[in-house]
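Reader: I am new to this structure and would like a friendly walk through it. Could you show it to me before I start asking?

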Amino acid sequence: MANAKETLEKIAKAIGIVTDNVADSIKETVEDVAENVGEAVDNTVEAVEETIEDVKETIEDVVDDVKEVVSDVVETAGEAIEDAGESVKEVAEAIDPTPQEDRVKELESQIDELKNILKEALETKTEEVTPELPVDDKGLTHSPEKAVEKKSVKISKKGGSSIIDNVFKYINN
């Protein structure tokens, strides 16, 4: 006959209960998985750190390149502006400047005339005249304490202030 331990193991397998051997193997498997996961995480962290360092280096290179390009563009733009300024000066010298000088002198003389007119206007003193208001000696036409009543508009020649009054007058007369 089989001993009690073997019998219990057979019953446990039939029912699906985990035995000690299976529990030990599960613990070993979990420990192996934990070790493998830990190593994988460490490897991933190291790879990410290396990638970050590479990205930083490439970004610094790109920034340096952009700075060089911008400085070149600024230099060329400055040279182009200087060249344009020189060409404008040359064209301005080529044009006869005398009509502009005549116009400037004419405008200056007009400004002087306007200044003289303003000085004369400020120097002459004008008397301020205040008009007198007409005075009515009628006094008050109503008492300020009494309520103002509206005058009713008559509808017909006979008098009456409303249509209903006129109807009653017609009926009674």
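Reader: How many helices and strands are there in the protein?

Author: A word on the source comes before the count: this is a predicted model, where local features need pLDDT of at least 70, side-chain atom pairs count only at pLDDT 80 or more, and totals for chains, interfaces and linings use all residues. Residues are numbered from 1 along each chain as its sequence is written, and side-chain values use heavy atoms, with hydrogens and water left out. Helices (H or I, at least four residues) and strands (E, at least two) are DSSP runs, numbered from the N terminus. Along the sequence the pattern reads α-α-α-α, and the count is four helices and zero strands.

Reader: Thanks! Does helix α1 lie largely in the open or is it largely buried, and how many of its residues are buried?

Author: Helix α1 covers residues 4-15 and has twelve residues. Buried means under 20% relative accessible area, exposed over 50%, and partly exposed in between, with a 1.4 Å probe and protein chains only. Helix α1 lies largely in the open, because the number of its residues that are buried is one.

Reader: Which residue has a side-chain oxygen that reaches the backbone nitrogen of Glu6?

Author: This contact sits at the start of α1. The side-chain oxygen comes to within 3.0 Å of that nitrogen, and it belongs to Asn3.

Reader: Which residue follows α1, with a positive phi?

Author: The phi in question is near 100°. The residue that follows α1 is Gly16.

Reader: Which residue forms a salt bridge with Arg103?

Author: A salt bridge is a side-chain nitrogen of Lys or Arg within 4 Å of a carboxyl oxygen of Asp or Glu, and the structure holds one. Both partners lie in helix α3 (residues 98-123), three residues apart, about one turn of the helix. Arg103 is partly exposed at 45% relative accessible area, and its partner, with the closest N and O atoms 3.4 Å apart, is Glu106.

Reader: Why do residues three places apart in a helix point the same way?

Author: Residues three or four places apart point the same way because of the turn of an α-helix. The number of residues a turn is 3.6.

Reader: Is Phe168 buried or partly exposed, and at what relative accessibility?

Author: Phe168 is placed in helix α4 (residues 163-172). Together with Ile163, Ile164, Val167, Tyr170 and Ile171, Phe168 makes a nonpolar surface patch of about 710 Å². Phe168 counts as partly exposed, because its relative accessibility is 49%.

Terms used: Patch = residues over 30% accessible without salt bridge, like charges linked within 9 Å, V, L, I, M, F, W, Y side chains within 5 Å. Areas by Shrake-Rupley, 256 points an atom, 1.4 Å probe, with all protein chains shown as cover. Expected span 1.5 Å × (residues − 1). Polar contact = N/O pair within 3.5 Å; in protein donor to acceptor, adjacent residues only side chain to side chain.
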